[in-house]
Amino acid sequence: MVILQENIKQIAGIAIVPIGLAVVLVPLSLLGWNVPTLILFWFVLTPLLVIYLPALVTMRRSSVFEPLTGLVLFYGVMVFMIYKHYDTDYFKVMIISLFINVTIVLAVTLVKKRKAQIKE
């Protein structure tokens, strides 16, 4: 039973990332994209939400697996939705942000995990 509860928490931690990012993405998309909103969403809000949403939902320190899996899932859906626009600047910014955000999320979660281990 404990294993099932842990699996449910892990799935919730993964699922909250694309859901949370979509909730923030929709209003920004409706307002219209320009350079400040592109930078704000893809390079500021995305890594912040990916790092902190799983920990808020599961009420525990998130591992590296949950944020990264949710992030890749979100980007997979985004690429699938706009694959016909692969030659636009928007698509290029999104793909560049994927690599930058994966690096940021990896670095921050590993540093947080290391600090938690040192405190113990």
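Ala15 counts as partly exposed because its relative accessibility is 30%, where buried means under 20% relative accessible area, exposed over 50% and partly exposed in between (1.4 Å probe, protein chains only). The place of Ala15 is in helix H1, residues 2-31; helices here are DSSP runs (H or I, at least four residues), strands are runs of E with at least two, and both are numbered from the N terminus. Ala15 and Thr69 sit 54 residues apart along the chain, yet 8.9 Å separates their C-alpha atoms.

A word on where this comes from: the model is predicted, so local features need pLDDT of at least 70 and side-chain atom pairs count only at pLDDT 80 or more, while totals for chains, interfaces and linings use all residues. Residues are numbered from 1 along each chain as its sequence is written, and side-chain values use heavy atoms, with hydrogens and water left out.

**The whole chain**

The protein comes to four helices and zero strands, running α-α-α-α from the N terminus on. Its C-alpha atoms fill a box of roughly 45 × 30 × 20 Å along the principal axes. Of the 120 residues, 32% count as buried. Take the contacts (heavy atoms within 4.5 Å) between residues at least 6 apart in sequence: 72% of them join residues at least 24 apart.

Now for some other H1 residues. Gly20 is also in helix H1, and it counts as buried because its relative accessibility is 12%. Leaving aside neighbours within four places in sequence, Gly20 is in contact with Leu49 and Leu53.

Ile16, another residue of helix H1, touches Leu53, Pro54 and Val57, not counting residues up to four places away. From Ile16 to Phe65, 49 residues along the chain, the C-alpha separation is 13 Å.

Val26 and Ile11 are 15 residues apart in sequence and 23 Å apart in space, C-alpha to C-alpha.

**How the helices pack**

Two packed helices are described by the angle between their axes and the distance between the axes. Axes are lines fitted to C-alpha atoms, for helices over the stretch in contact, and angles run from 0 to 180 degrees between N-to-C directions.

| Pair | Angle | Axis distance |
|---|---|---|
| H1 and H2 | about 150° | 8 Å |
| H2 and H3 | about 130° | 9 Å |
| H2 and H4 | about 30° | 9 Å |

H1 and H2 are therefore roughly antiparallel to each other, whereas H2 and H3 are therefore oblique. The cut-offs: under 35 degrees is roughly parallel, over 145 roughly antiparallel, 65 to 115 roughly perpendicular, and the rest oblique.

As for handedness, a crossing is left-handed if the near helix is turned anticlockwise from the far one by less than a right angle, and right-handed if clockwise. H1 passes H2 in a right-handed crossing. In that contact, H1 brings residues including Ile16, Gly20 and Leu28, and H2 brings residues including Leu49, Leu53 and Pro54. The residues of the H1-H2 contact divide into 14 nonpolar, five polar and one charged. In this scheme Ala, Val, Leu, Ile, Met, Phe, Trp, Tyr, Cys and Pro count as nonpolar, Asp, Glu, Lys and Arg as charged, and the others, Gly among them, as polar.

H2 (residues 35-58) and H3 (residues 65-82) also make a right-handed crossing. On the H2 side, Phe41, Trp42, Thr46, Val50, Pro54 and Thr58 meet Glu66, Pro67, Leu71, Phe74, Tyr75 and Met78 of H3. That contact divides into nine nonpolar, two polar and one charged residue.

The crossing of H2 and H4 is right-handed as well. Among the residues that meet there are Trp42, Phe43 and Ile51 in H2 and Tyr90, Ile100 and Lys112 in H4. This contact comes to 15 nonpolar, three polar and one charged.

**A look at H3**

H3 has 18 residues and reaches 26 Å from its first C-alpha to its last, close to the 26 Å expected at 1.5 Å a residue; the expected span is 1.5 Å times one less than the number of residues. Its buried residues include Glu66, Gly70, Phe74 and Ile82. The buried residues of H3 pack against H1, H2 and helix H4 (89-119).
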